[in-house]
Amino acid sequence: MNKLSLTKEERKDVNQLFWRQLAVMCELTYVRLQGPGFGWSMMPLLKKIYKDDEDAYYAALERNVQYFNTNPAFVPFIQGIVYNMEKENAKQPIDNINESVNGIKVGLMGPLAGLGDSFFTGTVRVIAAGVGMGLAQQGSILGPLLFLLIYHIPYYFVRYMGGVVGYKLGANYISEAQESGLLSSITKGCSMLGLMMIGAMTYLNVPFKVNVVAQMAKQEFILQDVLDQILPGLLPLGLVWLCIYLLKNKKVSVTKLLVGIILASVVLGGLGIAGK
């Protein structure tokens, strides 16, 4: 029997998940990005498996609308794994299910985002555009048609089959992984990988440098150079951790945090203390 074969009921679930997740980019928020779309596309399936336990359904819905962001081509793959984890949890509660689900999501979304962006956006789309524009410049209707076919056939094939593979991967291995302790190891490893990705993104995408220069013992003292020798990206990392601390421990709202960052940027930049 084909390892990727599905029963009629499983095929119905995967198809429903595929069609609903096509709207995942229509429900972006600045706080949770694709999180609301991820949870919305899984709502009917979660309601189906938790039909006798309303509290468990809302708990599952809450953990599936948390922050999430990856290349859309791989959203069904992650959803397939998460859906099977939820099915196993509905049958027999999994210890630390919130941490397990979010650990899998966070750990996979970063690497798959990089893979999807580089392959589909940076490679397949460029090739499709090159072929399409060459024919379009000659006045051929095949130009736009080939562009659509060359790009979208592999894109949607991966997007659909990702849901099948993710679902079967979960169906075959989640139970065994839980019993053997492998699930907790996978969750921990995925969380570590996710934190590494966050650290790298912080260094690359949070520009925060100080412009403090002083004369000490007839030598020019540049504070930013000293900080870079201690740890490159120390200030951006500190800023990110400060925001996390305020959000998590002090329950500061995202709006207040954004306003505070804008005001601090204006003051520090205006005084010439900090800047890019």
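Visitor: Which helix does Ile230 lie in?
Guide: Ile230 lies in helix α8, and since this is a predicted model, that placement is computed from predicted coordinates.

Visitor: Is that residue buried or exposed?
Guide: Ile230 has a relative accessible area of 58%, and it counts as exposed because the cut-off for that class is over 50%.

Visitor: Which of them gives the most to the patch?
Guide: That is α9, with four residues in the nonpolar patch.

Visitor: OK, stepping back, what does the secondary structure of the chain come to?
Guide: The protein chain has 10 helices and four strands, and along the sequence these follow the pattern α-α-α-α-α-α-α-β-β-β-α-α-α-β.

Visitor: And how much of it is buried?
Guide: Of the 276 residues in the protein chain, 34% count as buried. The accessible surface comes to about 16,600 Å², with 65% of that belonging to carbon and sulfur atoms.

Visitor: What about contacts between residues at least 6 apart in sequence?
Guide: Among those contacts in the protein chain, 70% join residues that are at least 24 apart.

Visitor: Now the inside. Which residues touch the most other members of the largest nonpolar core?
Guide: The largest nonpolar core has 39 residues, and those touching the most other members are Phe38, Met42, Leu46, Tyr50, Ile78 and Phe120. Two or more residues of this core come from each of α1 (8-21), α2 (35-49), α3 (54-63), α4 (75-91), α5 (97-136) and α6 (142-180), and the largest share, eight residues, comes from α5. As general background, nonpolar side chains in soluble globular proteins tend to be buried together.

Visitor: Take Phe38, then. What is it in contact with, leaving aside neighbours within four places in sequence?
Guide: With those neighbours left aside, Phe38 is in contact with Val24, Asn64, Phe68, Val75, Ile78, Gln79, Val82 and Lys105. Ile78, one of these partners, is also among the core residues that touch the most other members.

Visitor: How far apart are Leu28 and Phe38?
Guide: Leu28 and Phe38 are 10 residues apart in sequence, and their C-alpha atoms are 9.8 Å apart in space. Leu28 lies in the loop between α1 and α2, and, again leaving aside neighbours within four places in sequence, Leu28 is in contact with Leu33 and Gln34.

Visitor: Why does Leu28 count as partly exposed?
Guide: Leu28 counts as partly exposed because its relative accessibility is 42%, and that class lies between under 20% for buried and over 50% for exposed.

Visitor: What is the phi of Leu33?
Guide: Phi of Leu33 is near 50°, which is a positive value in a residue other than glycine. Most residues other than glycine have a negative phi. Leu33 is placed in the loop between α1 and α2, and at 22% relative accessibility it counts as partly exposed.

Visitor: And Lys251, where does that lie?
Guide: Lys251 lies in the loop between α9 and α10, the latter covering 254-270. Phi of Lys251 is near 55°, a positive value in a residue other than glycine, and Lys251 is exposed, with a relative accessible area of 66%.

Conventions: Residues numbered from 1 in each chain as written. Predicted model: local features only at pLDDT ≥ 70, side-chain atom pairs only at ≥ 80, totals over all residues. Heavy atoms only, no water. Core = buried A, V, L, I, M, F, W, Y, C linked by side-chain atoms within 4.5 Å. Buried < 20%, exposed > 50% of the residue type's maximum accessible area, 1.4 Å probe, protein only. Contact = heavy atoms within 4.5 Å. Areas by Shrake-Rupley, 256 points an atom, 1.4 Å probe, with all protein chains shown as cover.
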